[in-house]
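Student: Can we go through the aromatic rings together? I'd like to see how the labels follow from the numbers.

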Amino acid sequence: MSESLPAQVEETKVSDEDVVKEKAEAAEGSAMQVDTDVGGEQPPLPPGEPGDKEKSTTVDINTLTPSTPSQTPPQLLAGETTASGTAAVIPENILSPPKSETQTDETNTATSTSCSPASEGQRSPVAEQPQQQLQASTPPKQEQPEAGASTATTVNGSIPKSGKPLATALSAKKPSKAASTSPRASRARKPKALPMYESEISDHKVGIKLCIKKSDAGDSVPAATSPPVPVPAASKPVRKRIRKPKQPDSDEAEYEPRKKKGGGGGDNQKKVSTSADAATADEPIEQSVWAQKLPEEVLFRIFEHAVDMEGCLPTLFRLGRVCSLWRQVSLRPTLWRTMDLTTWVKEKYRTELKLKWFVDNRCSACTELNVSNWKITDINCFLTKLSSGCPNLAGITLSGWKGFTSDNLTYLVDNLHKLQRLDLSSINVEMNASKSAVGITSLCNALQTMGSRLTHLYLAHNRLAGIPQIVGILSTHCPNLALLDLSNVTTQATSHGVLHIEKLQRGCQKLKVLRVTNSHITPSTASMQEIMDSPGFPNLEELSVAALTDESRIISDDHLQRILKSSSKLKLLDVRNCTRLTHESLIRLPAWDIKHLFLSGCSVTRDMGSGLELIASKWAHSLIELDLAWANVQQPIDNALRALAEKGRDSPLAHLNLCGSSVSDEAVKEILTNCVNMSSINLASCRGLPRGVKRLMQGPQELHELREVLGVQLKTNSGSN
């Protein structure tokens, strides 16, 4: 058995060598045939000579289809060529696919890529024929194989059947950068058109406009007849991203949202400025005298007047954008005294970090701070910064701070020694009153701590318990109280909402504003002796006891007389929906210069007598705003308006509310003719007026149109129209 095995191996080697020789002769014959067909000089060979055999062999190879695989692997063909020692020519279509194959669809590409190394010769005649014609026009160069090629391909007298396809054939030629042993990489691909950009200078009406266009160099690529040499990819210039240095005091970003970069569609394209604009941008802009030579102290005085008239925010932010000098002056701490961070800071920017930045950088000299409705999680940290950064703080508004507890209130009043105004509105609407800062125990302790320095106390929109105890502490420990706001206060029981008027009058003689609007608060009963001994509120300027329907019967004539018995300085009186009030109590009031009077819903507006006319005659010289809405009796309201119009140009009346009333057009004409200071009049739902005028008229333009519709004109100083 062992003796017969070497014999079989030798026979196999001999048969393989014969097959290799035949194939090499066939390849050489095919090359000679191509030369003969192209040149036309050599006559056709007779059929009996070896050329016929080679020709037939060539035809057999070219007629192979993918369905009939070749019986001779590329390794054997290459090995025979090297072993024979002849100058065999490797066709170009073996190293690189023909041009027609690269233009086929993706299916052929995937099929040729996934084939085994032996399927390299599986070409269709349709794909081979154009390449052979191309090779005929340009005969390939023949190179002598190297001496060691035969030893590299034959090992121990046999040809290895594994390895990369055409490895020996490739070693006979010098490897080029365009060719690779990988089937995918060996194909000649069309180079991609690189995006080349070049500038174009075109004429413009204004100046020279720089246009950026895409170059057409990469669009038209000529068809290559030989395997193209790949162009090295142009390295894209590295564009460094330049960031603008962040300013330490970016005031603009604190209350204005940042603009989004880019947009949509064509907005993302970069705008190219003209050469004229670029030249002007490079030149320094000459500062005006106001920005360059004005002394800082003079500019500071001007800024002070602007802040007093328009407020700290956003006046100082806008002034700081003018120039460096104005910004330097606007950053002086003494200008940042009253800061309203609720009105001028949008809700999405009301963060804890932003608030701490304001406290650290702008509040060193602040005396009034409004931070209502800010969402703060760590209230203790904020109060710590506030006590150290705002030593001169005199007033703070904490309205809407739901998490403000009794401990926070205690820390606030203990560490801010100059605190005088405290706003705790809307604190415990959704919290337990015992844990809230406006609980009875917590609030009474804070009021005792503040004592005589407390001047303003806001407790509106809260659920309170123990109104008598709070009033008792205020009358005992807070003699300088000037404002007390108990509007929209709800209580747990009726006994918790009793207001002792005489006790508050004895302890708080400096009270100027008292608001008990729409609250579950009932004035206490008092004896005649207590009423006689009470000094009243001599400095009271504003009283608001307006109520809704369910509380409309709380305030009566006696209550109003007890509160306003000595209030001769009263400027505002709001008694809307107080149905128990009559015109007699209003006429007997000691105030003679009321400027704002709200009487809608009172029984006075439904009285058939002359009470409304007497009220209008008493304060016609001082009334700026009058509310007579829903007065359903025509004659009394017409007489009241005529009493106001009799003052003529001396009447300061500017705002008149006649909504839903029974006023006639004649009374409205007299008001529009004689009252020169009118700025708004509400005629909505007035049944006695013509169509087209039943609405709110505001401003000089609308009032002028109303006068034209009604056919009246405003009187001048000389009495002419």
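Tutor: Phe382 and Trp401 are both buried, where buried means under 20% relative accessible area, exposed over 50% and partly exposed in between (1.4 Å probe, protein chains only). Keep in mind that this is a predicted model: local features need pLDDT of at least 70, side-chain atom pairs count only at pLDDT 80 or more, and totals for chains, interfaces and linings use all residues. Residues are numbered from 1 along each chain as its sequence is written, and side-chain values use heavy atoms, with hydrogens and water left out.

Student: Why is the pair of Phe317 and Trp336 called edge-to-face?

Tutor: Rings of Phe, Tyr and Trp (its six-membered ring) pair if their centres lie within 6.5 Å; planes under 30 degrees apart are stacked, over 60 edge-to-face, the rest tilted. Here the centres are 5.6 Å apart and the planes at 70 degrees, so the pair is edge-to-face.

Student: What makes Phe317 buried?

Tutor: Its relative accessible area is 5%, so Phe317 falls under the buried cut-off. Trp336, at 1%, counts as buried too.

Student: And why is the pair of Phe382 and Trp401 called tilted?

Tutor: Their centres are 5.5 Å apart, and the planes sit at 45 degrees, so the pair is tilted. Ring pairs also link Phe382, Trp401 and Phe404 into a cluster.

Student: How do you know that Lys618 lies over the face of Trp592?

Tutor: A charge sits over a ring if NZ of Lys or CZ of Arg is within 6 Å of the ring centre and within 35 degrees of the ring normal. Lys618 lies over the face of Trp592 at 4.6 Å from the ring centre.
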